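Q: Please take me through this structure, one topic at a time.

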Amino acid sequence: MTDAEIPDPDPGIPVLTLRGVSKSYGGTHAVAGIDLTVPAGMYYGLLGPNGAGKTTTLSMIAGLLRPDRGEIRVGDVDLRAEPRAAKKRMGVLPDRLRTFDRLTGRQLLHYTGMLRGMRPDVVADRTADLAGALGLDDALGRVVSDYSAGMTKKVMLAAAMIHSPQLLVLDEPFEAVDPASAAKVLEILDAYVAGGGAVLLSSHGMDLIEQVCTRVAVLVAGQVLEEGTVHEVKGDLTLEQRFVELSGGLGEVEGLEWLQTFSD
Ligand code: ATP
């Protein structure tokens, strides 16, 4: 299937649906039967404390990890039954910045486009557009292994977007990205969302989530504890206060008195 053959999303069908999705690692129930529905045309935030299961969830959606149970649909396409068609509809920024880093930025974007079945001239045009927007013009000729963490994140974001998918799955997209670049990335994503794209992102930056997301799900110990609009979830608190509450509070810091007695 070429890009032109991917049908426009049906506004009545959510861009992403998870039903009863579970994943265990040995005895650890990383994700324990979650349901999520991500509509078109919005930022959707996945929040949760360290180890809550966010990356495991996003990796299953991205098709990088197979659920033990449950169903994932991208639009009306079942990820397990039609992985190629489902993956074509999404762009993914994985949590660890592992990529083909012996390639230059330009080569990485070129091969990503080719793998998505795009025409080379379209890939070249979009590479120029994305590099300009993300401030990567001067970096395109250098190998990605020489990039800084923020530059690597930006080129991987460009790779996730180059085939104009209906869904972007972004794990911690702003970690290591400087504030000016983050603002630029948000501007690009805002236009994408305004055009009907959906951005599912995980972040520990509560201010950012509160600022951009229409809906959020709070994952704790592999389960969705709360889901709704940002307003519904936070109530009268700030999102950060509500997050701390749902995560089980801050607890007392005890037993670290030795830290105040310095060694010689
Ligand atoms: P963080 O905010 O710290 O990135 P997270 O919400 O993304 O955390 P996950 O990385 O999904 O959490 O981890 C969920 C649980 O699954 C944790 O208990 C983690 O130790 C476990 N886990 C994740 N990956 C593996 C793995 N490859 N092997 C074994 N256990 C794993």
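This is a predicted model: local features need pLDDT of at least 70, side-chain atom pairs count only at pLDDT 80 or more; totals for chains, interfaces and linings use all residues.

Q: Understood. Where is Ala221 found?

A: Ala221 sits in the loop that runs between strand 9 (215–220) and strand 10 (223–229).

Q: What is the phi of Ala221?

A: Ala221 has a positive phi of about 50°, although this residue is not a glycine.

Q: Is Ala221 buried or exposed?

A: The relative accessible area of Ala221 is 57%, and the cut-off for exposed is over 50%. Ala221 is therefore exposed.

Q: What about Ser164, which is not a glycine: what is its phi?

A: Ser164 has a positive phi of about 45°. Its place is the loop between helix 5 and strand 7. With a relative accessibility of 46%, Ser164 counts as partly exposed, because that class covers values between 20% and 50%.

Q: Let us change topic. Which residues surround the ligand?

A: The shell consists of Tyr25, Thr28, Ala30, Pro49, Asn50, Gly51, Ala52, Gly53, Lys54, Thr55, Thr56 and His204. By class, it has 4 nonpolar, 7 polar and 1 charged residues.

Q: How far is the polar side-chain atom of His204 from an oxygen atom of the ligand?

A: The distance for His204 is 3.0 Å. A backbone N or O atom of Gly51 is 2.8 Å from an oxygen atom of the ligand, and a polar backbone atom of Ala52 lies 3.1 Å from a ligand oxygen atom.

Q: How much of the ligand does the protein bury?

A: The protein buries 57% of the 630 Å² that the ligand exposes when taken alone.

Q: Back to helix 1: how many of its residues are buried?

A: Helix 1 is mostly covered, with 7 of its 8 residues buried. These are Lys54, Thr56, Thr57, Leu58, Ser59, Met60 and Ile61. Lys54 and Thr56 also belong to the residues that surround the ligand.

Q: Which residue with a positive phi follows helix 1?

A: Gly63 follows helix 1, and its phi is positive, near 80°.

Q: Now the largest pocket: how much space lies in it?

A: About 840 Å³ of space lies in the largest pocket. Its lining has 26 residues, and those nearest its centre are Leu64, Val92, Pro94, Arg98 and Arg116. By class, the lining divides into 16 nonpolar, 4 polar and 6 charged residues.

Q: Which elements each supply at least two residues of the lining?

A: They are helix 1, strand 6 (90–93), helix 3 (105–115), helix 5 (149–161) and strand 7 (167–171). Helix 3 gives the largest share, 4 residues.

Q: Moving on, which side chain does the side chain of Arg242 make a polar contact with?

A: The partner of Arg242 is the side chain of Glu226, at 2.7 Å. Arg242 lies in helix 9 (residues 239–246).

Q: Why does Arg242 count as buried?

A: Arg242 counts as buried because its relative accessibility is 16%, and the class requires a value under 20%.

Q: And where is the place of Arg126?

A: Arg126 is in helix 4 (residues 120–134). Its relative accessible area is 28%, so Arg126 is partly exposed. The C-alpha atoms of Arg126 and Met161 are separated by 9.4 Å, and these residues are 35 residues apart along the chain.

Q: Last one: in which helix does Val185 lie?

A: Val185 lies in helix 6 (residues 179–194). At 3% relative accessibility, Val185 counts as buried. Its C-alpha atom is 8.9 Å from that of Leu157, a residue 28 residues apart from Val185 along the chain.

Key. Residues are numbered from 1 along each chain as its sequence is written. Side-chain values use heavy atoms; hydrogens and water are left out. A residue is near a molecule or strand if one of its heavy atoms lies within 4 Å of it. A polar contact is a pair of N or O atoms within 3.5 Å; within protein, one must be able to donate a hydrogen and the other to accept it, and residues adjacent in sequence count only if both atoms are side-chain atoms. Accessible areas come from the Shrake-Rupley method with a 1.4 Å probe; for residues, only the protein chains shown count as cover. Ala, Val, Leu, Ile, Met, Phe, Trp, Tyr, Cys and Pro count as nonpolar, Asp, Glu, Lys and Arg as charged, and the others, Gly among them, as polar. On a 1 Å grid over the protein atoms alone, a cavity is a set of points where a 1.4 Å probe fits but cannot get out, and a pocket is an open set with protein on both sides within 12 Å along at least five of seven lines; lining residues have an atom within 4 Å of a point. Grid points are joined across faces, edges and corners, and a volume is the space filled by probe spheres set on the points. Buried means under 20% relative accessible area, exposed over 50%, partly exposed in between (1.4 Å probe, protein chains only).
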